[in-house]
Each structure stands twice: as structure tokens, then as C-alpha cells.
Amino acid sequence: MSSPRDVVITGIGLVSSLGEGPDAHWQKLVQPGLQPVLEAARFAPYTVHPLPEIDWNLQIAKRGDQRQMETWQRLGTYAAGLALDDAGIKGNDELCTTMDMVVAAGGGERDEAVDAAILAASESRNDRDVLLNEKLTTELRPTLFLAQLSNLLAGNISIVHKVTGSSRTFMGEEGAGVAAVETAAARIRSGQSTHILVGGAFQTEHSDMLLGYELAGYLHRGPWKPVWQRQDSQGGGVVSGSGAAFLVLEQREHATSRGRKIYAELGPVVSGRARRRQGELDAEIATLLKQVALPNGKLLAVSGASGAHVATTAEKAALDANPAIATRGFSTLTGHMKEAQFPFAVALAALAVDRKAAYPVFDAAAEKPFEGVPATVLATAIGYHQFEGMALVNAA
Amino acid sequence: MANLNDHMGRPIVAVTGIGVVTSLGVGKTDNWAALTSGKSGIHPITRFPVDHLNTRISGMVDFLASSSKGASPLTYELAELAGLEAVAEAGLDSSDFGGPLFLASPPVELDWAERFSLYNSDKDKDHTAAERLLRVARSLKELDIFETTQFGSIADRLADRLGTRGLPITLSTACASGATAIQLGVEAIRRGECDRALSIGADGSATAEALIRFSLLSALSTHNEIPEKASKPFSRDRDGFVLAEGSGALVLESLEAALARGATVLGILGGCGEKADDFHRTRSKPDASPAIAAVRAALADAGLGEDKIDYVNAHGTSTPENDKMEHLALSTVFGERISSMPVSSNKSMIGHTLSAAGAVEAAFSLMTMRESVIPPTINYDNPDPAIVLDVVPNKKRNAEVRTVLSNSFGFGGQNTCLVMAREPV
């Protein structure tokens with residue numbers, strides 16, 4: 001039963017190694033046996049899913065704006081623009097100036113050349129603190145700081161797309177994406193907001209972004225494998241990918257009154273923090289599955305599983321334990337996109353509901369077919385290290 | 001029977017616990033004594049060498065166990081101390097808080113000390129710096145360094161320590177972060193998701209690189225000679241903010257829940273307002289319209305007219321641009337009355353605590369009302385003739401303060417304002 005205060009999805013902006021936009025992703029993902037786009041040489045022994053060719057001018061008209069950002073912020077600003085376009089909001093002053101925004105963000109790119117020069121000099125100097133001052137004061141590009149600040153992805157979206165109702169940035173890997181979607185949905189349901197831009201971006205093609213995983217040994221090494229099949233390989237199981245996902249969430253009444261196409265309704269969004277060292281992850285996943293209140297009958301699940309051994313094993317066991325669930329681990333085809341992972345999962349769930357068809361298996365050895373029309377789809381993001389979240393996405 | 005709902009029928013949000021740490025000390029007692037005696041916490045930098053630096057002063061917190069251990073450990077300790085003080089004052093179990101956590105904290109990065117040590121522990125010169133770091137990284141046996149690079153880890157540890165519920169939210173709205181953390185708590189209580197929430201702003205990220213980054217943007221004061229005189233909001237010769245560290249924490253609770261358990265109500269968090277600016281990455285729109293909109297949104301959310309605000313706890317950074325813009329915003333909203341309303345800046349004494357500032361200043365705003373004392377704006381020796389304000393110059397003032405507006409403005413077009421009251425209105 002629909003209600004005027006339902007949260008509905010009216011805009012989707014996606015970028016990954018597979019391409020850009022909801023249509024391109026749908027076309028690719030429904031091809032049985034689709035092969036991932038991989039870059040195995042540049043960061044060997046790690047494989048990543050690289051960004052596709054992007055003409056930034058299409059969403060970031062001013063070169064000056066493009067120059068103020070590094071790739072991570074450009075990518076997020078670009079995908080946000082795609083979502084706003086898709087929802088018919090871009091360029092509409094009244095809708096943009098009243099639109100709220102929650103961005104899930106990490107940090108931007110450091111200057112690798114400056115860092116490498118400082119590290120090289122550190123081999124022959126003991127006064128490393130003085131070395132730092134000497135090099136950083138002379139070699140850092142002054143505005144680079146702004147390209148690194150977490151909240152400046154949102155700041156750039158305000159500047160480029162004029163979204164200025166409010167601007168909040170949540171930090172913290174997959175959990176930030178979960179909390180961003182959860183908070184945005186709660187604001188709409190309670191009447192605190194009518195339309196919100198929510199999403200995130202991750203640019204993995206930078207050594208610091210790999211280091212963020214590898215300081216705990218989370219990255220998969222050696223020949224690429226699907227996300228469910230990395231347990232016996234070298235490394236920690238995560239293959240990362242560059243990508244972004246933004247959604248326009250809207251109060252149903254607000255969307256229908258302006259005659260917009262609705263992709264799907266966003267049902268319950270739930271989140272948790274298992275104390276994993278105390279062995280709570282299995283129970284937490286089970287609790288979340290209970291809290292989202294799965295419908296009766298067969299169910300398609302779009303899983304954001306990262307490949308990280310412990311978390312992925314736990315999630316797979318929990319989903320496989322329910323014979324009604326057919327899971328699709330999209331990281332097999334896109335790589336893990338950190339803060340963007342959960343918004344991406346929700347977007348893919350909404351697309352399946354909208355197109356009235358399930359995705360074929362992404363990994364024939366580990367996933368089972370789904371026949372028929374998925375009226376409800378489960379989206380998950382079980383963090384590679386911490387934090388968990390799920391949502392149900394229903395037919396409009 | 002007190003009215004438990006506000007003018008929009010939402011649960012009234014009370015403050016039942018306050019915690020604060022700044023360069024002036026740990027805890028409300030020490031901070032309030034220093035703040036009301038006009039004492040400055042700004043001092044020469046000793047944490048790292050200052051060779052080649054144009055700014056050699058700060059309001060760093062140098063007296064904690066983690067002060068020399070890097071940004072993540074210090075931010076955690078600051079958040080923990082403020083959180084524990086607030087929860088204790090609220091009379092709640094400090095290991096089982098029982099509500100959600102909203103943490104404003106700085107973006108994290110691998111510290112240079114770790115970067116140097118990882119790099120130099122691999123002697124294989126055939127590899128690039130990045131490859132060397134990654135090779136060493138994957139052989140590490142402990143998670144300590146890893147966790148300093150995860151944006152969610154400080155909140156995760158705090159959630160363990162304080163027994164908060166659910167997925168903790170870590171947020172950044174630059175220099176408005178602390179206010180946003182409070183706003184998120186207020187909104188969660190108003191939605192009925194919880195009876196209480198813990199909002200903390202903490203920032204221990206005053207590293208050499210952070211200082212240099214702000215310096216390269218010409219944001220910092222270079223008045224190094226007399227450190228305690230460097231931060232001079234609203235003065236003609238102000239030349240930038242002073243980088244500082246600190247933390248502030250509030251226990252927020254529905255008035256109904258607070259009264260039901262017999263808690264002391266320290267103040268009311270009456271309204272929150274925000275508005276993003278699309279003008280520039282670091283500069284505000286010249287007409288101050290986003291800041292004006294944020295102030296008006298906070299007043300409207302609190303259900304108060306302009307004439308009902310007794311005191312403004314200013315953002316007052318001491319940068320040429322902020323103070324001018326903030327004056328324009330306040331004079332636009334409050335009109336003629338602004339020249340006779342007290343408007344003071346805590347930053348004149350504690351510097352700019354960045355991600356913590358909104359929470360630290362909310363804590364001081366609440367104490368201002370409770371103590372009926374307005375902390376001064378110190379170093380106000382040379383007023384800016386273009387900014388006609390009663391800044392409570394140099395000496396504290398005794399005054400009945402029923403309501404406070406606290407402003408927070410940040411890079412990236414962030415503007416968040418809070419309205420607090422002594423009693424439910």
C-alpha cells in the first residue's frame with residue numbers, strides 16, 4: 001500500500017568500469033557471462049576495475065571547476081549530475097535550492113610525486129620533521145587541500161549543480177553509505193525533507209586508496225576471481241573498483257505532483273555495528289535480515305560483498321541459508337567501491353524492480369538463477385572491516 | 001506539567017550533559033574559569049619543529065597522553081574525555097549510554113611518522129615508494145596503523161567504550177561539523193528514533209601538514225610574537241585564524257525522557273538551521289545570503305523571532321573575510337538591534353578547533369546561559385570600524401541570557417546555526 005510519505009527513487013547516477021548511467025549498466029549486467037573490465041598491470045600484484053572514459057564536460061561545464069578537483073571529486077560530481085539529470089532536477093533552481101544532500105565520502109587524492117620525493121629524501125636524513133616542513137611548504141599545490149577534504153565533494157556538487165538546501169558529509173567506508181541512505185530516507189519519511197541527493201564515489205586508482213585496504217592485508221593478489229571465490233587465493237579477498245552511485249530520493253507525493261517517473265520505492269533501511277572481534281557478525285547479519293522483514297517467496301538479493309574473507313563468508317552463509325534468496329555479488333563485475341558500495345547496491349536493486357527482471361548470475365559457480373519478476377529486491381553492504389547495512393527496494 | 005512538545009508538535013530536546021576539552025584544559029570547570037577570566041590557550045608550537053613555517057603558534061592540546069601520538073589517537077582521546085564528562089553529568093552509565101552516537105571528526109590520513117617508518121623498513125630500492133609502502137603494509141601483523149586510516153574507526157572505538165547503540169555516524173561539514181553532529185542528534189530524537197543521543201565534536205588533527213595546508217591557503221594568523229594576542233576576532237588588524245584542537249560533547253535527550261528519569265535539564269536545543277553556499281570552495285557569497293538563510297532557518301526551527309535572541313556565540317574566526325561576512329549576516333537578520341546585542345567569539349581565547357568548534361561553542365553557549373556570564377572577545381584593542389558590534393570586549397559580562405544563537409560556517413559552503421535556550425520556550 002503506497003503512502004504519500006513513501007520514499008521513492010526518481011533519479012539514478014552511476015559510473016563504474018562498465019560505463020555510465022543506469023541504462024548502460026542494465027544493458028551490460030543482463031548479458032549472461034559478462035566479463036569484468038580489469039586492470040591487472042598498473043598496480044600489480046593487485047587488480048582493479050578502472051574508470052571508463054569519461055567526458056567530464058558533460059556534467060562539469062567549467063574547466064575552472066574541473067581543475068579545482070582531482071578525479072575522486074570529479075567522479076562524484078559527475079555521477080551526482082547524472083542523477084539530477086535523470087530526476088529532472090538539474091537546472092531547476094527551485095528544486096535545487098531546496099534540495100538536501102547527504103554524501104558518503106572518504107578522502108581525496110594526495111600528491112604522490114611530492115610524497116615520493118619526501119620519502120626518498122628521508123632515507124638519508126634524520127631530521128624528518130624538518131624535511132617535511134621544507135618540502136610541504138614549497139611543493140604542495142595550495143588548492144590541493146580542497147581536493148582532498150572529505151566534505152568538498154558535497155561542496156563541489158553545490159557549486160557545480162547548485163544543490164544548496166543542506167549539505168552533510170558522512171565518513172566511514174561502507175557504513176557511511178549505509179548511514180547516508182538510512183538518514184536521508186528517515187528525513188523524508190518524517191517530513192523533514194521532500195527530496196534528497198544521496199550517494200558517494202570512490203577512486204581506487206591511486207596507491208593511497210589501495211593502502212587504505214592493504215594496511216590490514218585486505219586486498220586480493222594474483223589472478224582475478226569472482227567475489228565469492230577468493231577464499232583460497234593470496235591476499236585478503238578485496239578487488240577494488242573506481243565508481244560512483246548517486247540517488248535522488250523523494251517523497252512519493254512530491255515526485256508524483258511533478259509527474260516524475262518512479263524507479264522504485266525504498267523500503268526499510270537498517271544498519272548495525274557488530275563487535276566483530278567478539279564474534280557478533282553472524283548474529284548481526286541475521287538480525288538485520290529479520291529487521292528488514294523479507295517478503296514471502298523467492299527474493300533477489302543484490303549484495304555489496306567486498307570479497308574480504310571473513311565478512312564475505314559470513315554474508316554468503318547467511319544468504320545461502322535461506323533457500324528463497326538468489327544472490328548477485330556485483331563486486332565481481334565492478335570491484336569494491338567503498339563509500340559508494342551501498343548506494344550502488346540500492347541503485348541496482350531499483351533497476352531490477354523497474355525493469356521487472358532479475359540479473360543473470362554473475363558467477364555461475366556460486367549463484368543460482370532467478371526466474372520471474374522481482375517485485376522486491378534486497379540490497380546489502382556488509383563492511384569489509386566494520387559496519388553493516390541492508391535495504392529492501394520495492395516496485396514503485 | 002511542562003509542555004513536552006515544541007511549536008511544531010515535535011519532542012522538545014533537552015541537554016542533560018556537557019563535556020569539553022580545549023587548550024585551556026580538560027573539563028567544564030577549568031575551561032569556564034579560564035574563559036571567563038579572558039585567558040588565552042594559544043601558545044608556541046612545540047609538538048613539531050617550526051622551521052620554514054610562517055605560523056608558529058596554535059591552540060593545540062599538548063597535555064594529554066595521546067598529544068604526540070598522531071591525529072587519530074588524539075582525536076579519539078579528546079572525544080572520549082568530552083563524552084565521558086557529558087555522560088557522567090547526565091547521570092547515565094558511562095559504559096552503556098543506550099542511544100546513538102554522532103561524531104564530528106577530521107578526515108583521517110596515514111600519519112607521516114607511520115609513512116616514514118613503513119617506507120624505511122623496506123630496503124628494496126628497485127620499487128617505487130608506493131610499492132614499498134604496500135609491500136610492508138600487507139605484512140603488518142597488527143591493526144593499529146590500519147585503524148588510523150579508517151574513517152569509521154574512532155566512532156567504532158567510542159561506541160565500544162561508551163556503549164552507544166547502532167551504527168555510529170561519523171561526519172564532516174568542515175568547520176561546521178560540531179554543529180551538524182548536534183543537529184543530527186536533535187533530528188533523531190524529534191523523529192522518535194531514540195530518547196537520547198550523544199553528539200561529539202573532536203579534533204586532534206593539528207599536524208604539521210594540516211598547518212601547512214591552511215597556511216598555503218593564507219587562512220592562518222602569522223602574529224607569532226605574542227601568541228595569546230594572535231586571535232582577534234572583529235579587530236581591524238585580524239589576519240587569520242589560529243589552528244587549535246579540542247572537543248565538545250552534549251547528551252541530548254527528549255525533555256520527556258529527561259524529566260521522567262529525574263535528570264537535571266541544563267538547557268534546551270531549540271532549533272537547527274542550515275544552508276549550503278554554491279559560491280566558492282573557501283569564500284562565502286558576498287551578500288552573505290547563505291549564512292543569513294542558515295540563521296533564519298535556525299530561528300524558524302526554534303519558533304523564535306529575531307527579537308527573542310539575547311546573545312550570539314559567533315563563529316568569529318578572526319579571518320578578515322569570515323568576520324566581515326558574519327557581521328553582514330547578523331546585521332541583516334537582526335537589523336539595528338545588532339549593535340546593542342552581545343556577540344562574542346570564544347575563538348579569541350581557544351582558537352579555531354575546526355571539526356570540534358560547533359560542539360565546543362555549543363557547550364560554552366549553554367554554560368553562558370546557566371552561569372549568567374558572557375565570556376569576552378579578548379584582544380579587542382583595535383576595533384574594525386566597519387564592524388559595529390558589542391563584542392563583549394576583553395572582559396566577561398554578567399547578564400541574564402535566556403537564548404543563544406551559535407554560528408558555524410565552513411569551507412565547502414557549509415553553514416549551520418543552532419539556537420539554544422535556558423528553558424523550554
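How many bridges join strand E1 (residues 7-16) of chain A to E9(A), and in which sense do the two strands run? Three bridges join them, and the strands run antiparallel. This is a predicted model. Chain A averages a pLDDT of 97. The points below cover each chain, the strand pairing, the contact between the chains, and some backbone details.

**Chain A overall**

- Chain A has 15 helices and 13 strands.
- Its radius of gyration is 21 Å, close to the 21 Å that the globule rule gives for 396 residues, so chain A is as compact as a globular protein of that length.
- Along the principal axes, the C-alpha atoms of chain A fill a box of roughly 70 × 55 × 40 Å.
- Of the 396 residues in chain A, 60% are buried.
- Take the contacts in chain A between residues at least 6 apart in sequence: 79% of these join residues at least 24 apart.
- In chain A, 100% of the residues score a pLDDT of at least 70.
- Confidence in chain A is lowest in helix H7 (residues 144-148), at a mean of 96. It is highest in strand E8 (residues 243-251), at 99.

**Annotated domain in chain A**

- UniProt lists residues 5-255 of chain A as "domain: Beta-ketoacyl synthase-like N-terminal", in an unreviewed entry.
- Over residues 5-255, chain A is 40% helix and 17% strand.
- The end C-alpha atoms of that stretch are 10 Å apart.

**Chain B overall**

- Chain B has 13 helices and 15 strands.
- Buried residues account for 64% of the 425 residues in chain B.
- Among contacts in chain B between residues at least 6 apart in sequence, 78% join residues at least 24 apart.

**Strand E9 of chain A and its partners**

- Strand E9 of chain A covers residues 264-272. Eight of its nine residues are buried, so the strand is largely enclosed by the rest of the structure.
- E9(A) pairs with strand E1 (residues 7-16) of chain A through three bridges, in the antiparallel sense.
- In that pairing, A:Ile9 stands opposite A:Ala264 in E9(A).
- E9(A) also pairs with strand E13 (residues 388-395) of chain A. Seven bridges link E9(A) and E13(A), again antiparallel.
- A:Ala264 has A:Ala395 as its bridge partner in E13(A).

**Contact between the chains**

- The contact takes 63 residues from chain A and 62 residues from chain B.
- On the chain B side, these elements of chain B each give two or more residues: helices H3 (112-120), H4 (129-137), H5 (144-148), H6 (153-162), H7 (177-190) and H8 (208-216), and strand E6 (169-172).
- The chain B side divides into 31 nonpolar, 15 polar and 16 charged residues.
- Strand pairing crosses between the chains: three bridges join strand E5 (residues 168-171) of chain A to E6(B). The two strands run antiparallel.
- Within this pairing, A:Phe170 stands opposite B:Leu171 in E6(B).

**Backbone details to look at**

- The peptide bond from A:Ala44 to A:Pro45 is cis, with omega near 10°. A:Pro45 sits in the loop between helix H1 (22-29) and strand E3 (48-49) of chain A.
- A:Glu173 is not a glycine, yet its phi is positive, near 50°. A:Glu173 belongs to helix H9 (residues 173-189) of chain A.
- Is A:Glu173 buried or exposed? A:Glu173 counts as buried because it has 28 C-beta neighbours inside 10 Å.
- B:Ser318 also has a positive phi, about 85°, although it is not a glycine. B:Ser318 lies in the loop between strand E10 (311-313) and helix H11 (320-334) of chain B.
- B:Ser318 is buried, with 27 other C-beta atoms within 10 Å.

Definitions and conventions
Residues are numbered from 1 along each chain as its sequence is written. Chains are lettered from A and ligands numbered from 1 in the order in which they are written. This is a predicted model: local features need pLDDT of at least 70, side-chain atom pairs count only at pLDDT 80 or more; totals for chains, interfaces and linings use all residues. Two residues are in contact if their C-beta atoms, placed from the backbone, lie within 7 Å. Helices (H or I, at least four residues) and strands (E, at least two) are DSSP runs, numbered from the N terminus. Ala, Val, Leu, Ile, Met, Phe, Trp, Tyr, Cys and Pro count as nonpolar, Asp, Glu, Lys and Arg as charged, and the others, Gly among them, as polar. Two strands pair if DSSP finds at least two bridges between them. A residue is buried if 20 or more other C-beta atoms lie within 10 Å of its own, exposed if 12 or fewer, and partly exposed in between; C-beta atoms are placed from the backbone. UniProt positions are given in the numbering used here, feature names are shortened, and annotations may be inferred rather than shown by experiment. pLDDT is the predictor's confidence in each residue, from 0 to 100. The radius of gyration is taken over C-alpha atoms; the globule rule is 2.2 Å times the number of residues to the power 0.38.
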